[in-house]
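Colleague: I should like to go through this structure with you. Could we take it one topic at a time?

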Amino acid sequence: MDLAFFIPACFALNLTFGPSNLLALTHGAERGIRFAFLAALARLAVFAPMIAASALGLGLLLTVSAAAFTAVKLAGAAYLVWLGIKLLRTRPDNHALARPAPSLARAARREGLVALGNPKAILIFAAFFPQFVRPESYWPDYALLGGLFLALEACAVAAYATAGRFAARLAASRMHWLQRASGATMVGFGLLLLLARAPARTAA
């Protein structure tokens, strides 16, 4: 197993700007780095069983079953669009910073549902990890790669949360515009997810 290649390639995937990292950015701006990181633990809690499912071969279900992929895709896209519209409907006022932000429970629920509703996550685990797994030590290697992925995901969360907090401090009086930009981007991610196609099956 070549960790010298896996770690930078995996971290690049972790840092990719998508719905989950947008949530970390938004939560960091609204409530701070620690809050965003704690909320993102729900994301890690969802990814952990996804990794285990991929190790068991269940990730292939989304690859070979168009119906399963479509069901997950539609549910995930609908939630992203709904969440984006909620952010877009945020009303500006003169006390934006004093307004109550989402609770930790609600933010964690957002993180978990967004992670669960993205079929690409489990496909990454099913397609990316096996390239670095040695057949003779399949389970130990998969466990190590899964642990590294979750650790790097936590680093990505911290990076996006920090960026969100920094942006909020620069434009505290325009916080509602940051929320609306996040909302519009979230709707865009939802619409893009509708266009996603299940990976084609390879011929035997």
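**Salt bridges and cores**

Modeller: Arg43, Glu111 and Glu153 are linked in a network of salt bridges; a salt bridge is a side-chain nitrogen of Lys or Arg within 4 Å of a carboxyl oxygen of Asp or Glu. This is a predicted model, in which local features need pLDDT of at least 70 and side-chain atom pairs count only at pLDDT 80 or more, while totals for chains, interfaces and linings use all residues. Residues are numbered from 1 along each chain as its sequence is written, and side-chain values use heavy atoms, with hydrogens and water left out.

Colleague: How far apart are the closest N and O atoms of Glu111 and Arg43?

Modeller: They are 2.8 Å apart. This pair joins distant parts of the chain, with Glu111 in helix 6 and Arg43 in helix 3, 68 residues apart. Helices are DSSP runs of H or I with at least four residues, numbered from the N terminus.

Colleague: And what about Arg43 with Glu153?

Modeller: Their closest N and O atoms are 2.6 Å apart. Here Arg43 in helix 3 is linked to Glu153 in helix 8, 110 residues away.

Colleague: Are Arg43 and Glu153 buried or exposed?

Modeller: Both are buried, and so is Glu111. Buried means under 20% relative accessible area, exposed over 50%, and partly exposed in between, with a 1.4 Å probe and protein chains only.

Colleague: How many salt bridges are found in the whole structure?

Modeller: The search finds three. One of them joins the side chains of Arg134 and Asp141, at 2.9 Å from N to O. Arg134 counts as partly exposed because its relative accessibility is 35%, whereas Asp141 is at 3% and therefore buried.

Colleague: Changing topic, how many residues has the largest nonpolar core?

Modeller: It has 18 residues, and Phe47 is among those with the most contacts inside it. A nonpolar core is a set of buried Ala, Val, Leu, Ile, Met, Phe, Trp, Tyr and Cys residues joined through side-chain atoms within 4.5 Å. Helix 3 provides the largest share of this core, five residues.

Colleague: Which residues does Phe47 touch?

Modeller: Leaving out residues up to four places away in sequence, Phe47 touches Ala115, Ala121, Phe125, Phe149, Leu150 and Glu153. Contact means heavy atoms within 4.5 Å.

Colleague: Why does the length of helix 3 agree with expectation?

Modeller: At 1.5 Å a residue, its 23 residues should span 33 Å, and its end C-alpha atoms are 32 Å apart, so the two agree. The expected span is 1.5 Å times one less than the number of residues.

Methods. Helix = DSSP H or I, 4+ residues; strand = E, 2+ residues; numbered from the N terminus.
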